[in-house]
Amino acid sequence: MDAPSDRAIRPWVLAVSCNKGGVGKTTVASNLAIYLRALREDLPILIVSLDDQRTLDRMFSIGALDRGAKNLKHAWAERSFSSVIRLGEYGVHYVPAPTDVSRLKARAGDPHALRRLIDHTEWGGIVILDTKSDLEALTKNAFQAADRILVPIADHASLDEAAKVMRILEQSRIGADKARVLLTLVDRRTKLGDPARPLVETLEAAVAENGWSRYETTISRSPRVEMLNSGTDKPKSILHHGRGTAVHGQLRALAEEVLVELDASGRLAAPRPTRRAAAPRLKPSARTRKPKPKPPKSWADELFGVFFNR
Ligand SMILES: Nc1ncnc2c1ncn2[C@@H]1O[C@H](COP(=O)(O)OP(=O)(O)OP(=O)(O)O)[C@@H](O)[C@H]1O
Ligand SMILES: [Mg+2]
């Protein structure tokens, strides 16, 4: 196998992973891609599903789903995403999901294969990997490829599964410090124990006790967000359709935290902001300032307009 060249363009890779199903991995991965794209339009975002659920394909495909499209399986065979990447909705690029992940898993025994594949692609931006709820070969490839592993935790069961992720990271010498927990589906009214204590506080305490790093942002459980995903139609972007929810602000805050990590990595230097671009950076102090109203010209203008007017 070829070693990646030192001169190759290397993206910053974020894997979203938890062995517990239904903790919000796909919702966070897909919407984070959209918020990151809106916040940093200079930064290409590529999202890749390592799952054969086709949620991401449905969300990002422009027009009808192309079931015959080249997908992750072809990329794996070609050892590059180059011929498989598609420009999707919201300016986010995506790789169509494989139709049968079990076959691909059988070919993913080398845990470094995905890292090499990404390096061969020379993607000068962010790659987001949405993993399946398992700790099998493709997920282990995601761990090796990732610069950051975002581990959603929604309850005590997912806390146990996060511990398994951390153990694998230590055993495979990646290090648990690559992982950062995100509390998801938080409902502050849920209380447990005697005396009753909010679930979210017990989870925060357990994360701290384990010495795991955690995003400051937490993602609330929201019936409106659930609705956006549950139609038979395309799952809808929270940025475009969930502006009234707390989750909208939380995803933006999470994207900002991720961009701080990216900038700290020094991997993809941010361009120096121009005077015109400085205000749309959505610094907290700018939140209350209203920009001059302007008709949106492109999807990017439209997205920033969405931010400004919240
Ligand atoms: N913040 C939220 N508020 C309410 N419902 C949510 C939220 N985030 C996700 N959901 C819902 O929870 C369910 C599981 O979400 P999602 O598919 O993102 O989880 P997952 O971890 O990717 O699941 P799987 O393990 O099946 O891949 C979906 O029905 C989704 O609509
Ligand atoms: Mg999922």
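Colleague: Which residues come nearest to ligand 1?

Modeller: This is a predicted model. Of the 18 residues around ligand 1, the nearest are Gly21, Lys25, Thr26, Thr27 and Asn229.

Colleague: Which elements give two or more residues to that shell?

Modeller: Helix 1, residues 25-39, and helix 9, residues 223-230.

Colleague: And which gives the largest share?

Modeller: Helix 9 does, with 4 residues in the shell around ligand 1.

Colleague: What is the shell like by class?

Modeller: There are 9 polar, 5 nonpolar and 4 charged residues around ligand 1.

Colleague: Which residues sit on each side?

Modeller: Trp12, Leu14 and Val16 are on one side of strand 1, with Val13 and Ala15 on the other. Both faces are covered, and all of these residues are buried.

Colleague: In what sense does strand 1 pair with strand 5, and over how many bridges?

Modeller: Parallel, over 5 bridges, with strand 5 being residues 126-130. Within that pairing, alanine 15 is opposite leucine 129 of strand 5.

Colleague: How about strand 1 and strand 6: how many bridges there?

Modeller: Strand 1 pairs with strand 6, residues 148-153, over 3 bridges, in the parallel sense. Valine 16 has leucine 150 as its bridge partner in strand 6.

Colleague: On to helices. At what angle do helix 5 and helix 6 cross?

Modeller: Roughly 55 degrees, and their axes come within 7 Å. Helix 5 is residues 113-121, and helix 6 is residues 137-145. That angle makes helix 5 oblique to helix 6.

Colleague: Which residues make the contact?

Modeller: From helix 5, Ala113, Leu114, Arg115 and Ile118. From helix 6, Asn141, Ala142, Gln144 and Ala145.

Colleague: And by class?

Modeller: The contact of helix 5 with helix 6 has 5 nonpolar, 2 polar and 1 charged residues.

Colleague: Now the backbone. Which peptide bond is cis?

Modeller: The bond from aspartate 194 to proline 195 is cis, with omega near 5 degrees.

Colleague: Where is proline 195?

Modeller: Proline 195 is in the loop between strand 8, residues 191-192, and strand 9, residues 197-198.

Colleague: Staying with strand 9, is arginine 197 buried or exposed?

Modeller: Arginine 197 lies in strand 9. It is exposed, because 12 other C-beta atoms lie within 10 Å, and the exposed class takes in 12 or fewer.

Colleague: What is arginine 197 in contact with, leaving aside its neighbours within four places in sequence?

Modeller: Lys191, Leu192 and Thr202.

Colleague: Back to torsions. What is phi at arginine 79?

Modeller: Phi of arginine 79 is positive, about 55 degrees, although the residue is not a glycine. Arginine 79 falls in the loop between helix 3, residues 72-78, and strand 3, residues 86-87. It is partly exposed, with 15 other C-beta atoms within 10 Å.

Colleague: And leucine 185, what is phi there?

Modeller: Near 50 degrees, again a positive value in a residue other than glycine. Leucine 185 is in the loop between strand 7, residues 179-183, and strand 8.

Colleague: Is leucine 185 buried or exposed?

Modeller: Leucine 185 is buried, because 23 other C-beta atoms lie within 10 Å, and 20 or more counts as buried.

Methods
Residues numbered from 1 in each chain as written. Chains lettered and ligands numbered in written order. Predicted model: local features only at pLDDT ≥ 70, side-chain atom pairs only at ≥ 80, totals over all residues. Near = placed C-beta within 6 Å. Nonpolar A, V, L, I, M, F, W, Y, C, P; charged D, E, K, R; others polar. Pairing = 2+ DSSP bridges. Axes fitted to C-alpha atoms, helices over the stretch in contact; angles between N-to-C directions. Parallel < 35°, antiparallel > 145°, perpendicular 65-115°, else oblique. Contact = placed C-beta atoms within 7 Å.
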